[in-house]
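Here are a few friendly notes to read with the model open beside you. Take them one at a time and find each part on screen.

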Amino acid sequence: MEEVLKINRSFYERYSQLDESKEFWNLLLTPLRQSIRINTLKAPLDYVKSRLEEKYELEPIPWVKEGFFINTREFGKMIEYSLGLVFPQEASSMIPPVVLDPKPGELVLDMAAAPGAKTTQLAQRMENEGCIIANDMKKWRVNVLIANLNRFGVLNTKVTVKDGAYFSRFENTFDKVLLDAPCSSVGMIRKSFKFLNDWSMKKVIMYSNIQKKLILAAYKALKPGGILVYSTCTIDPFENEEIVDYLLRKTDAKLEKINIPLKSTPPVLEFEGRKYSEEVKKCLRLHPEDNNTEAFFVARIRKP
């Protein structure tokens with residue numbers, strides 16, 4: 001905690017309102033366990049797993065059958081990585097595609113797709129059938145996205161470079177939409193302290209405004225009966241519960257409870273004088289100490 005106070009006192013003062021536990025602050029500053037997802041678009045799961053176990057220790061990630069914690073950080077030396085058989089991906093970031101659960105043949109929008117870990121996971125679950133529109137608004141990030149799609153053998157994806165709000169014009173079009181929204185990245189502090197150094201309340205407000213615009217566009221683009229998954233890698237209520245509450249108040253959206261095998265922290269119903277719908281209890285809020293992962297937030301939303 002003292003280290004956080006030295007680097008960014010405002011950060012500590014804000015989030016100690018949410019979680020004062022030693023576990024939270026200790027884990028927030030502890031480097032992440034490395035994890036991978038095996039790419040079944042290129043080879044069977046058991047075959048790749050057996051190859052890896054000859055050289056590394058693998059521990060299954062309970063909520064993703066293709067996901068494993070692994071005892072290496074040197075992916076550049078791993079031939080399976082070079083061949084596109086494994087994707088280094090943080091364990092909690094594998095949750096949104098699992099919750100979205102796309103099927104072969106569906107039309108799926110990945111609204112903020114780069115660098116493509118979740119896009120390749122979506123394609124994997126769709127068995128390369130159907131179509132994914134993988135969008136990002138920054139060209140340099142799209143180049144990384146395209147390289148990853150090529151390396152991992154993804155064939156059912158078209159890439160676009162647009163502000164996500166652009167897709168509001170395609171009303172009632174997509175079977176499913178993933179909005180892994182740009183955010184203040186509190187969960188990413190375990191990867192780099194630059195996210196702690198750079199954090200400010202001004203950025204939280206900026207992202208909150210962007211997220212409200214994007215979630216309305218994502219919901220508009222969704223077919224009746226379709227599923228929208230909203231996720232972030234931050235713990236700020238202004239970017240999580242408040243965004244879902246905003247959608248519930250502006251539209252006829254319905255929240256659905258998420259049932260996957262992991263520990264979680266109860267969602268926030270009131271923060272700094274703002275109150276949110278009791279419905280947000282159905283969202284999934286993960287703090288670092290829950291499962292020794294990044295912080296994360298996931299909501300599953302259905303359009304009636």
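1. Start with Ile38, whose bridge partner in β4 is Val86. Strand β1 (residues 35-38) and β4 pair in the antiparallel sense over three bridges; two strands count as paired if DSSP finds at least two bridges between them. Strands (E, at least two residues) and helices (H or I, at least four) are DSSP runs, numbered from the N terminus.

2. This is a predicted model: local features need pLDDT of at least 70, side-chain atom pairs count only at pLDDT 80 or more, and totals for chains, interfaces and linings use all residues. Residues are numbered from 1 along each chain as its sequence is written, and side-chain values use heavy atoms, leaving out hydrogens and water.

3. Now widen the view: the open, antiparallel sheet has four strands in the order β2-β3-β1-β4. β2 (58-60) and β4 (86-88) are at the edges with a single partner strand each, so one side of each has no neighbour in the sheet.

4. Elsewhere, look for the largest nonpolar core, which has 47 residues. Such a core is a set of buried Ala, Val, Leu, Ile, Met, Phe, Trp, Tyr and Cys residues joined through side-chain atoms within 4.5 Å; buried means under 20% relative accessible area (1.4 Å probe, protein chains only). Its largest share, seven residues, comes from α10.

5. Among the members touching the most others are Phe11 and Leu228. Leaving aside residues up to four places away in sequence, Leu228 touches Val177, Ile215 and Ile301, among others, where contact means heavy atoms within 4.5 Å.

6. A second, separate core of 34 residues includes Ile95 and Cys233.

Key: Buried means under 20% relative accessible area, exposed over 50%, partly exposed in between (1.4 Å probe, protein chains only).
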